[in-house]
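Please keep the viewer open as you read.

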Amino acid sequence: MADVTWQGDDTTNPTDVNTGANYSTGSLPTGGDHLRLVANYNGSLSDNLSSLSAISLGDFVVENGYSGAIATLGTPLDIQCSRFEFSGSGRSYVNLQSSSIDAIIHSTSQNAGVGKRGLYLTGTALQTVSVRGGDVGLASEHGDTTTVQTLRVHDGQTYVGNGCTLTTVDLYGGIVHLNTNVTNLNVYGGTVVLAEDADVTTLTLEGGTVENTGSGDITTATLKGGLLAMRGGIARTISTLNYYAGGSLEFDDDVVTLSTINLYGPVRLSSTRI
């Protein structure tokens, strides 16, 4: 297992992933090698992006200060690895394929533009995706598919497309845009925007804000703090509402149905057209 750095300095094909001269070892990485993209070598990767897909790397780390672009729209860099960590500042498209791993994102490129992300990430077996900053898309391009067990967000913006199969979201800060169903949504701070037809099986809200702007339903909502705002004039249902004194709810009873309401402590339940 070798420590390999992408240099991108081949005189003929400096952006070619399948050119050995672009690596510090002078040859292509092999299984178990630890591959890093670093600040001292900012060459982009844009050719033969699937040439490493047949091997399983050790670490694949994009360090803080690396500003090159990784791959292109519609053609991601295909990688399998045992650890993924990202702090780059160039527009990046990474497909972790069947890597059954945790993914850590510290930061990405900023100000990508309306509807664009700094890091587009896909994979079929991702365990915990931890977003600590940046602008991240999970299956955010139409037609992309991704599977994530747990999305844990502390800062930045994360966009989850309707092609993502997602079990749990833990939000402590930042903004998460959910366009897909989620089984467990736990919100302690920050903002979640539910859009399109995103259904939530179990919502636990202890702080922050959940804005339901789409047509998705909530099976069980437990409000202990923060604000749940059922915005827009679309018919939706909260099957069971557990409403504690610290929580807040905004809804329009002309279009939002509360099937079962359990009140805990002195709470005020009233509707408003929002």
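**Notes on the model**

1. The largest pocket holds about 170 Å³ of space. A pocket here is an open set of points on a 1 Å grid over the protein atoms alone, where a 1.4 Å probe fits, with protein on both sides within 12 Å along at least five of seven lines; its volume is the space filled by probe spheres set on the points.

2. This is a predicted model, in which local features need pLDDT of at least 70, side-chain atom pairs count only at pLDDT 80 or more, and totals for chains, interfaces and linings use all residues. Residues are numbered from 1 along each chain as its sequence is written, and side-chain values use heavy atoms, leaving out hydrogens and water.

3. Sixteen residues line the largest pocket, and Ala139, Ser140, Glu141, Gly161 and Asn179 lie nearest its centre. Lining residues have an atom within 4 Å of a point.

4. Ala139 sits in the loop between strand S10 (135-138) and strand S11 (146-153) (strands are DSSP E runs of at least two residues, numbered from the N terminus). At 3% relative accessibility, Ala139 is buried (under 20% relative accessible area, with a 1.4 Å probe and protein chains only).

5. Asn48 also has a positive phi, near 50°, and belongs to the loop between strand S2 (34-37) and strand S3 (57-62). With a relative accessible area of 44%, Asn48 is partly exposed (between 20% and 50%).

Key: Helices (H or I, at least four residues) and strands (E, at least two) are DSSP runs, numbered from the N terminus.
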